[in-house]
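Open the model in your viewer and keep the selection panel handy. We will go from one chain to the other, stopping at a few places on the way.

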Amino acid sequence: MTNTGTPLVEMRDVSISFGGIKAVDHVTVDLHAGEVVGLLGHNGAGKSTLIKCLSGAYQADAGEVYINGEKVEINNPRDARAQNIETIYQTLALADNLDAASNLFLGREIVNSMGFVDEAKMEAETRKIMHRLNPNFQKFNVPVSALSGGQRQSVAIARAVYFNAKILIMDEPTAALGPQETQMVAELIEELKKQGLGIFLIEHDIHNVMKLCDRASVMKNGKLVGTVNVDEVTDEDILGMIILGKPVAQAA
Amino acid sequence: MADTPPTTTDIPSNDTDLSPVGRFLRATEIDTRLLGMIGALMLIWFGFHFYGVIVNGQGFFLTPRNLWNLSVQTSSIGIMATGMVLVIITRNIDLSVGALVGVTAMVMGILQVEILPQYLGLGHGSIWIVTVIVGMTLGATIGAFHGWLIAYRGIPAFIVTLGGLLIWRGCAFLAAGGKTISPVDETFALLGGGPYGAIGSTGSWIVGLLACAGVLWMLYSGRQNRRRHDFRLRPMWAETFLGALGCGVILGSVLLVNAYPWPKGIIRQWAARNDIEVPAEGLFISHGFAIPVLILIVVGILMTILMTRTRFGRYVFAIGGNPEAAALAGINTRWMVLKIFALMGMLAGLAGVVASARLNSATNALGLLDELYVIAAAVIGGTSLAGGVGTIYGAILGALVMQSLQSGMVLIGFDTAIQQIVVGMVLVFAVYLDNLYRSKSK
């Protein structure tokens with residue numbers, strides 16, 4: 001796959017450290033519209049930390065973020081949302097005591113002309129989007145703590161998809177899912193890709209990476225090992241990068 | 001489900017496998033927890049009354065006079081309990097509210113007794129307004145300062161407000177050198193209740209009818225809203241039942257407060273002042289709703305709207321449910337905590353108004369131990385100390401339960417030591433019951 005032109009997102013030379021440990025060390029990654037870039041690496045390689053700098057959960061110590069070629073400041077999750085960056089966290093980041101609609105619209109509630117939260121409208125919208133993503137979903141009026149892992153996941157996904165994201169960050173979206181739900185997420189990723197979204201996908205399952213991603217960026221110990229076009233390498237090549245931390249000779 | 005009022009219930013209609021009681025509860029969507037609390041309240045009320053009947057030959061609890069007094073006594077704790085709900089939902093605690101009542105009441109006392117009359121003249125009509133504004137602003141400022149220390153300086157709420165408890169109680173003492181400031185401005189004193197500080201028979205009927213209209217309007221607009229979005233409707237009989245119940249409770253309380261007449265002495269004083277001849281058989285002038293009770297009701301309504309209909313309320317619940325998720329959703333959680341403590345402080349200032357007006361003086365001990373009653377009221381009312389769950393009406397009912405226990409024990413002649421023991425045990429037991437309830441409803 002060839003990507004020409006300005007990338008949708010470019011994270012340039014990003015570093016962040018916690019208590020002297022460099023969690024992310026001068027990493028540069030980019031993402032084009034209509035592309036899925038996998039972020040791979042062992043636990044603790046710095047993938048989630050890197051992505052949290054883009055979603056506004058962390059502030060990078062150094063480095064820049066460019067969106068459509070323009071430098072942007074992302075200091076908090078609101079800034080990220082304002083740039084149409086949506087994130088599905090590994091922990092899902094749901095308020096367990098609230099129902100699906102409240103979680104979906106958390107921080108972006110629909111209000112009526114008097115400034116009051118329009119609960120009925122939010123629920124109706126939630127029903128619509130959930131019907132599209134997960135037609136079996138019925139539990140609209142119970143706290144999300146009462147939902148199964150897959151149902152919770154679909155609430156988190158709905159939250160990211162509903163607000164017309166241009167850039168989607170998915171941190172292990174299928175980790176808690178069964179085979180059928182995993183397939184559903186895969187189809188969703190394909191569909192969103194067709195719509196022109198750029199997706200960063202953190203994923204451990206190498207088969208999913210080979211199937212879903214266009215490119216893969218591999219990290220180890222906070223450093224970027226390399227970025228490869230997925231259809232030019234084998235899964236062994238990628239596993240080698242993850243385990244040994246050595247880039248493959250792409251020219252070969 | 002105690003956190004946000006459900007707009008719909010979309011559990012499939014498998015009503016048939018429920019008992020009649022279950023079907024009734026589902027159709028009316030009455031919270032079982034609310035029923036439990038009302039049951040406990042009734043138990044306390046009838047218990048004290050019949051204890052009086054059996055032991056003293058006469059029950060004093062279920063009389064218009066006692067219930068009217070009970071409503072006034074509940075006001076200041078109830079006002080603060082509505083704020084404590086927010087504090088506890090967000091997994092914090094405020095131990096300083098009693099001291100805040102003390103310090104705001106003392107500052108207000110000095111202001112209206114020693115300072116303002118110099119500039120405005122004694123008994124000037126705006127004294128009470130300035131005083132109330134200053135008192136509530138002072139409370140809000142102190143609360144905001146606590147909130148800032150907690151949210152932006154990372155000191156645990158327990159410590160900040162424990163320090164505040166000592167500091168502000170000390171400030172209240174220093175402000176007047178330990179003196180009692182009395183009497184307060186005449187108009188100000190009306191905010192504390194008493195025969196003059198109540199709205200009388202006609203006023204109570206007007207309030208009652210307006211409240212009934214409000215209940216019916218809420219049921220109607222709720223139904224319209226559900227229809228518009230194709231959500232499940234309550235059966236018509238359930239709507240009718242709820243309407244009748246709501247109006248019945250409201251009109252019943254109007255009848256109750258109107259059944260409590262002014263004492264003879266007050267009538268004589270009032271008649272003399274207005275040049276009215278008191279007939280030989282006496283005059284029957286009803287108290288009607290006391291002003292502090294109306295303040296509590298208005299605060300309760302406003303706080304309920306705040307918690308269930310605004311973004312602010314949403315964020316309070318979200319922070320309580322999962323602070324990290326709330327922050328990731330773009331909610332400025334620190335700023336929220338600061339605002340919540342400021343609101344708590346403002347309500348403590350308002351409670352200071354009610355408490356000092358009722359006493360017609362500002363004393364150094366005003367609000368002593370109130371923090372414990374307020375926290376107990378919120379917790380008995382179903383606010384979970386683990387965070388994320390709580391209701392305003394629950395806290396007000398909780399305050400009523402606490403106050404009923406307290407004044408019931410006074411009526412039957414328990415001494416202070418036993419009162420404390422009972423209140424302490426009830427608090428612990430209530431939290432235990434709450435745990436049981438939650439683990440069952442899961």
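**Starting in chain A**

Begin by selecting residues 9-246 of chain A: the chain here is 34% helix and 26% strand, with its end C-alpha atoms 25 Å apart. Bear in mind throughout that this is a predicted model. The UniProt record, an unreviewed entry, annotates residues 9-246 of chain A as "domain: ABC transporter".

**The six-stranded sheet**

Next, show the strands of chain A and look for an open sheet of 6 strands in the order S6-S7-S8-S3-S9-S10, with mixed pairing. Which strands stand at the edges? They are S6 (85-88) and S10 (223-229) of chain A; each has a single partner strand, so one side of each has no neighbour in the sheet. Direction ignored, neighbouring strands of this sheet are turned by 15° against each other on average.

Now zoom in on strand S3 (residues 36-40) and strand S9 (residues 215-220) of chain A, which pair in the parallel sense over 4 bridges. Click on Leu39(A), and you will find Ser217(A) of S9(A) standing opposite.

Then select helix H8 (residues 235-244) of chain A, lying across S3, S9 and S10 of chain A and running at about 20° to S9(A).

**Where the chains meet**

Bring chain B into view and highlight the contact, which takes 25 residues from chain A and 28 residues from chain B. On the side of chain A that touches chain B, helix H2 (77-82) and helix H4 (119-133) of chain A each supply at least two residues. H4(A) gives the most to that side, with 4 residues. By class, the side of chain A that touches chain B has 14 nonpolar, 5 polar and 6 charged residues.

**A helix pair in chain B**

For the last stop, select helix H4 (residues 97-120) and helix H6 (residues 157-176) of chain B. Their axes come within 8 Å and cross at roughly 20°, which makes H4(B) roughly parallel to H6(B). The crossing of H4(B) past H6(B) is left-handed.

Show side chains to see who meets whom: the residues of H4(B) in this contact include Leu100(B), Val103(B), Met106(B) and Ile110(B), and those of H6(B) include Leu165(B), Trp168(B), Arg169(B) and Ala172(B). By class, the contact of H4(B) with H6(B) has 12 nonpolar, 3 polar and 1 charged residues.

Methods:
Residues numbered from 1 in each chain as written. Chains lettered and ligands numbered in written order. Predicted model: local features only at pLDDT ≥ 70, side-chain atom pairs only at ≥ 80, totals over all residues. Axes fitted to C-alpha atoms, helices over the stretch in contact; angles between N-to-C directions. Parallel < 35°, antiparallel > 145°, perpendicular 65-115°, else oblique. Left-handed = near helix turned anticlockwise from the far one by under 90°. Contact = placed C-beta atoms within 7 Å. Nonpolar A, V, L, I, M, F, W, Y, C, P; charged D, E, K, R; others polar. Pairing = 2+ DSSP bridges. UniProt positions renumbered as here; feature names shortened; annotations may be inferred.
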